[in-house]
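Let's take a friendly walk through this model together.

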Amino acid sequence: MTGSIVPSKDVGEESTSKSFLILIGLFSCALFVFVCIYVNFPQLEEHERVHIKLPLNLEEAKNLGKVLDRYKEKFYVEVLSTFLFTYIFLQTFAIPGSISLSILSGFLYPYPLALALVCFCSATGASLCYLLSFNVARKLIYKYFPNQISSYASKVKAHQDNLLYYMIFLRVTPFFPNWLINIAAPVVEVPFLHFWLGTFIGVGPPSFIAIQTGKTLHEITSEKGTWSWNSIILLAVFAVLSLLPVYFKEKLADKEQTKEE
């Protein structure tokens, strides 16, 4: 870790234009793959096609879940790969909407698998964003987010001896926006392994409630009732996990105090 990280004041227009063009090119390639997946998706009924979109509310998530649930048994790989690519695509380019997919995962898959998918996709997509930022967008970040970078850099420097705990803490709590963590982490020299592992572990507790929402929607849709013992147990587990921010905050505070002594 360097002594301090100060955003550059002299970022050439030619350099930023080149970075923009590279980002647009990479985004276009990913979007092309996304379109190919959509075109090759199993043939849908006309009334089902209207529901194939990124859900913006619970009703849209429920309708999309019902359509995908119908095709999941016969086209398991296609549905799963579409889910994985969409989630990672959104995370890679810092596009809002991944919370809707977390809800959808609870609708479609058993709880352990849904949680594993969300954690894996979040960590992998965020890590691709990390690499994209490191290799392409650093000059753009310095130019457009100088104050946020300076603030984040000072926090990272203060916790450089326990960065894994700090990354988990940031993911569990809304201390910094996730998109800012993703693009700024390589700029302020957060190690890649700490970043991936901290993201994988840290997104687990916040994802519990989204997945449970998807489970509840599925139970309502399947006419099994809105509650079950599984729902109650999982909510209890979430209540316990929600205490993790306090634990990690105390851990960080203890380490800081020990360091000062």
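## Two salt bridges

Two salt bridges are present in the structure, a salt bridge being a side-chain nitrogen of Lys or Arg within 4 Å of a carboxyl oxygen of Asp or Glu. Before we look at them, please keep in mind that this is a predicted model, in which local features need pLDDT of at least 70, side-chain atom pairs count only at pLDDT 80 or more, and totals for chains, interfaces and linings use all residues. Residues are numbered from 1 along each chain as its sequence is written, and side-chain values use heavy atoms, with hydrogens and water left out.

One of the bridges joins the side chains of E48 and R70, at 2.4 Å from N to O. E48 sits in helix α2 (residues 46-49) and R70 in helix α3 (residues 58-72), so this pair ties together parts that are 22 residues apart in sequence. Helices here are DSSP runs of H or I with at least four residues, while strands are runs of E with at least two, numbered from the N terminus. E48 is buried, at a relative accessible area of 4%; buried means under 20% relative accessible area, exposed over 50%, and partly exposed in between, with a 1.4 Å probe and protein chains only.

The other bridge pairs D69 with K72, whose closest N and O atoms are 3.4 Å apart. These two residues are three apart in helix α3, and about one helical turn separates them. D69 counts as partly exposed at 25% relative accessibility, whereas K72 is buried at 10%.

## The chain as a whole

How many helices and strands does the protein chain have? There are 13 helices and zero strands. Of its 261 residues, 43% count as buried. Contact means heavy atoms within 4.5 Å; among contacts with a separation of 6 or more, residues 24 or more positions apart account for 77%.

The accessible surface of the chain comes to about 14100 Å², and 65% of that belongs to carbon and sulfur atoms. These areas come from the Shrake-Rupley method with a 1.4 Å probe, and for residues, only the protein chains shown count as cover.

## A straight helix and a kinked one

Helix α4 has 17 residues and reaches 24 Å from its first C-alpha to its last, close to the 24 Å expected at 1.5 Å a residue. The expected span is 1.5 Å times one less than the number of residues. Buried residues of α4 include V79, F83, Y87 and F89.

What about α6 (residues 111-144)? A straight helix of 34 residues would span 50 Å, yet α6 spans only 40 Å between its end C-alpha atoms. There is a kink of about 90 degrees in α6, centred on A137, where the bend at a residue is the angle between axes fitted to the seven residues ending there and the seven starting there.

## Inside the cores

The largest nonpolar core has 33 residues, and L68, V79, L108 and Y109 touch the most other members. Helices α3, α4 (76-92), α5, α6 and α11 (204-221) each supply at least two residues of this core. A nonpolar core is a set of buried Ala, Val, Leu, Ile, Met, Phe, Trp, Tyr and Cys residues joined through side-chain atoms within 4.5 Å.

V79 is in contact with F41, L68, Y71, K72, L108 and Y109, leaving aside its neighbours within four places in sequence.

Why is α5 described as largely enclosed by the rest of the structure? Because 10 of its 11 residues are buried, including S98, L101, I103 and F107. S102 lies in this helix (residues 98-108) and is buried at 3% relative accessibility. Not counting residues up to four places away in sequence, S102 touches Y87, V118, A210 and I211.

## Two positive phi angles

A94 has a positive phi of about 55 degrees although it is not a glycine. A94 is found in the loop between α4 and α5 and counts as partly exposed, at 36% relative accessibility.

E189 is not a glycine either, and its phi is positive at about 70 degrees. E189 lies in the loop between α9 (178-184) and α10 (192-202) and is partly exposed, with a relative accessible area of 35%.
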